[in-house]
Amino acid sequence: MRGPLSPSSCRSSSPSLMIPAPNEEDMKEILLIDDEPGIRLTFSRILEKEGYRVETAANFAEAKESLSTSCPDVVISDIILPGASGIEILKMIKEHSPDIPVIMITGEPNIDTAIESVRQGAYDYLSKPINRQQLCGAVARAMEKKWLVDEHKRLEAETLRYQRELEDKVRERTRALEELNAFINNVIESISSGLITLDLSGKITMVNTRALEFLHGENKSEIIGQRYDQLFPQDLAQAVGRVIQEADFSRSHEFELGERTIGYNVSPLLDNEQKIRGNVIIMRDISEKKRLERELIQSEKLATLGLLAGKISHEMRNPLFGILGYAELLESKYPQEEELRQIISQALRLKKMTSDLLMISKPKPPLITSVDLNAILRETLDFLREVTGQIKYHEVIQKYHPNLPLIQGDKEQIKQMFTNLIINASQAMKDQPAERSILTVGTGMAEEGRLVLAYVQDTGCGIADQDLERIFDPFYTTKGEEGTGLGMAVIREIVNKHHGQIKIESRIGEGTRVSVLLPVVG
Ligand SMILES: Nc1ncnc2c1ncn2[C@@H]1O[C@H](COP(=O)(O)OP(=O)(O)OP(=O)(O)O)[C@@H](O)[C@H]1O
Ligand SMILES: [Mg+2]
């Protein structure tokens with residue numbers, strides 16, 4: 001910033017590349033208006049000596065012309081001029097460039113003209129004769145006034161610029177903060193867990209949408225600000241309270257919410273200086289995980305049981321075959337003995353159970369050949385109807401696919417599978433009136449010819465949804481003494497060995513359809 005420079009210091013300011021004179025630009029400029037050539041010459045010389053650049057004009061028109069092309073720092077004008085007066089010039093300058101100080105001079109000192117000049121905004125008023133000191137003094141003061149006005153304006157403009165820059169920066173920072181905020185919000189909303197933060201007094205300060213479902217809340221605003229121990233289910237509130245009190249932050253915890261199991265973690269909420277400012281609670285529904293865990297335990301138990309059962313069955317086979325052989329021998333000698341028939345029937349039941357158990361626990365690898373499902377299904381059905389007589393009371397519908405491709409499989413195992421299915425279907429209808437007991441067996445194609453399917457359908461009691469999974473568990477039976485609960489487990493084993501799938505459609509009181517899908521290419 002430069003002070004009100006004396007003209008000589010103006011000239012010593014930094015060199016400019018402007019042509020013609022390097023410091024020409026910095027020279028202060030004066031417009032001198034007087035109709036007397038002598039005054040113009042004398043005053044110009046004095047002022048130029050002082051280091052000002054002086055433009056002159058002899059009347060209003062010349063002054064106007066000069067003001068239209070340049071902008072002097074100070075104007076000195078005679079009041080009495082030919083044509084328009086110096087007061088007119090003063091008015092014009094005040095109207096267009098109010099910051100230029102104007103010094104009025106006159107040959108006839110007159111209080112009215114002086115008052116009028118000041119009223120119109122003249123900066124100073126000099127009466128002729130004017131000596132060098134008066135002139136230079138008035139010009140220096142006017143220059144200083146001009147400098148102050150310019151400087152004030154410059155500072156104002158600079159302040160405005162800084163203010164704008166500051167506003168821009170604040171806007172930019174605000175936008176960046178808003179973006180960051182939105183990003184953090186999106187992350188919080190996108191995580192699959194419920195997230196809740198508490199302050200040190202236990203009030204909820206933040207909650208994501210996922211957390212609402214654990215708190216039975218409709219919207220976040222009604223939850224924020226409430227105490228967790230008034231909002232959480234009582235058991236959970238007490239458990240969370242204990243975790244916070246004991247600072248037991250390293251473990252996951254669980255609680256039962258209706259039918260669901262909820263897992264949660266509590267952690268301290270730290271600020272930048274690692275001071276605890278509250279707590280963060282993360283909750284997730286772990287019901288599915290729990291179910292799988294239970295199933296795993298169950299299947300491990302079953303596997304152990306299966307191994308055991310397999311071993312026992314194996315050990316039982318030889319004595320059992322012995323009993324059966326001797327009983328049949330005795331029966332041929334004493335065909336009238338009912339007790340013998342009972343022994344044989346119970347021994348046969350045991351024999352079936354041991355072979356079923358062995359099939360599940362120690363399945364033999366399938367003996368693969370090309371097999372025709374239509375033929376096996378028909379044979380099995382005929383055998384059960386005619387030879388064993390197990391399904392003789394029902395109407396049977398058969399719908400075989402005419403061009404069913406052969407598949408690669410173990411004929412005996414597939415026969416076993418159909419036997420179990422048909423017997424289950426027939427047992428499911430045993431309490432139905434005979435005319436409503438319809439057994440339908442059939443075959444078909446699925447998945448654009450990649451699979452063949454065989455199904456056994458009944459109009460029996462049906463299976464409840466919640467029991468559908470369990471019917472494959474070994475020893476699961478609803479038939480009491482009549483069943484061993486191994487039939488479906490054997491079917492699943494056989495289907496797995498053949499890389500197939502089982503589909504069950506069932507309605508309580510209406511019936512069941514079990515479909516087995518096997519790959520065409522084994
Ligand atoms: N078609 C069906 N309709 C209704 N319930 C069925 C049907 N098939 C199977 N179930 C249900 O599944 C249970 C298990 O069947 P699974 O064949 O494994 O054993 P089971 O028939 O009881 O005894 P078994 O070992 O003599 O076959 C049955 O007790 C029955 O409750
Ligand atoms: Mg069965």
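## Basis of the values

The model is predicted, and local features need pLDDT of at least 70, side-chain atom pairs count only at pLDDT 80 or more, and totals for chains, interfaces and linings use all residues. Residues are numbered from 1 along each chain as its sequence is written, chains are lettered from A and ligands numbered from 1 in the order in which they are written, and side-chain values use heavy atoms, with hydrogens and water left out.

## Overall form

The protein holds 15 helices and 17 strands, where helices (H or I, at least four residues) and strands (E, at least two) are DSSP runs numbered from the N terminus. Its radius of gyration is 55 Å, whereas a compact globule of 522 residues would have one near 24 Å; the radius is taken over C-alpha atoms, and the globule rule is 2.2 Å times the number of residues to the power 0.38. Along the principal axes, the C-alpha atoms fill a box of roughly 170 × 65 × 45 Å.

Of the 522 residues, 38% count as buried, a class that means under 20% relative accessible area, with exposed meaning over 50% and partly exposed in between (1.4 Å probe, protein chains only). The protein exposes about 31,100 Å², of which carbon and sulfur atoms supply 53%; these areas come from the Shrake-Rupley method with a 1.4 Å probe, and for residues only the protein chains shown count as cover. Among contacts (heavy atoms within 4.5 Å) between residues at least 6 apart in sequence, 60% join residues at least 24 apart. The side chains include 64 positive and 79 negative ones, and the centres of the two sets lie 5 Å apart. In that count Lys and Arg are positive and Asp and Glu negative, while His and the chain ends are not counted, and the place of a charge is taken as NZ of Lys, CZ of Arg, CG of Asp or CD of Glu.

## Surroundings of Phe214

Phe214 belongs to helix α7 (residues 209-215), and it counts as buried because its relative accessibility is 2%. Leaving aside residues up to four places away in sequence, Phe214 touches Gly194, Leu257, Arg260, Ile262, Met283, Arg284 and Asp285. Between the C-alpha atoms of Phe214 and Phe232, which are 18 residues apart along the chain, the separation is 8.5 Å.

## Backbone features in loops

Lys128 and Pro129 are joined by a cis peptide bond with omega about -5 degrees, and Pro129 is found in the loop between β5 (124-127) and α6 (132-190).

Glu448, in the loop between β14 (438-446) and β15 (451-458), has a phi near 50 degrees, a positive value in a residue other than glycine; with a relative accessible area of 77%, Glu448 is exposed. Phe475 also has a positive phi, near 75 degrees, and lies in the loop between β15 and α15 (487-497), where its relative accessible area of 38% makes it partly exposed.

## The covered helix α15

Eight of the 11 residues of α15 are buried, so the helix is mostly covered. The buried residues are Gly487, Met488, Ala489, Val490, Ile491, Glu493, Ile494 and Val495, and what covers them includes α12 (338-361), α14 (411-428), β16 (501-507) and β17 (511-519). Just after α15, His499 takes a positive phi of about 55 degrees.

## Salt bridges

A search of the whole structure finds 36 salt bridges, each being a side-chain nitrogen of Lys or Arg within 4 Å of a carboxyl oxygen of Asp or Glu. In one of them Glu36 pairs with Lys128, with the closest N and O atoms 3.8 Å apart. This pair links distant parts of the chain, 92 residues apart, with Glu36 in the loop between β1 (29-33) and α2 (37-49) and Lys128 in the loop between β5 and α6. Glu36 is partly exposed at 40% relative accessible area, while Lys128 is buried at 17%.

Asp431 forms a salt bridge with Lys430, the closest N and O atoms being 3.9 Å apart, and both Asp431 and Lys430 are exposed. Glu505 and Arg513 meet in another salt bridge, at 4.0 Å from N to O; Glu505 is partly exposed with a relative accessible area of 43%, and Arg513 is partly exposed with 25%. Elsewhere, salt bridges that share partners join Asp34, Glu36, Asp78 and Lys128 into one network.
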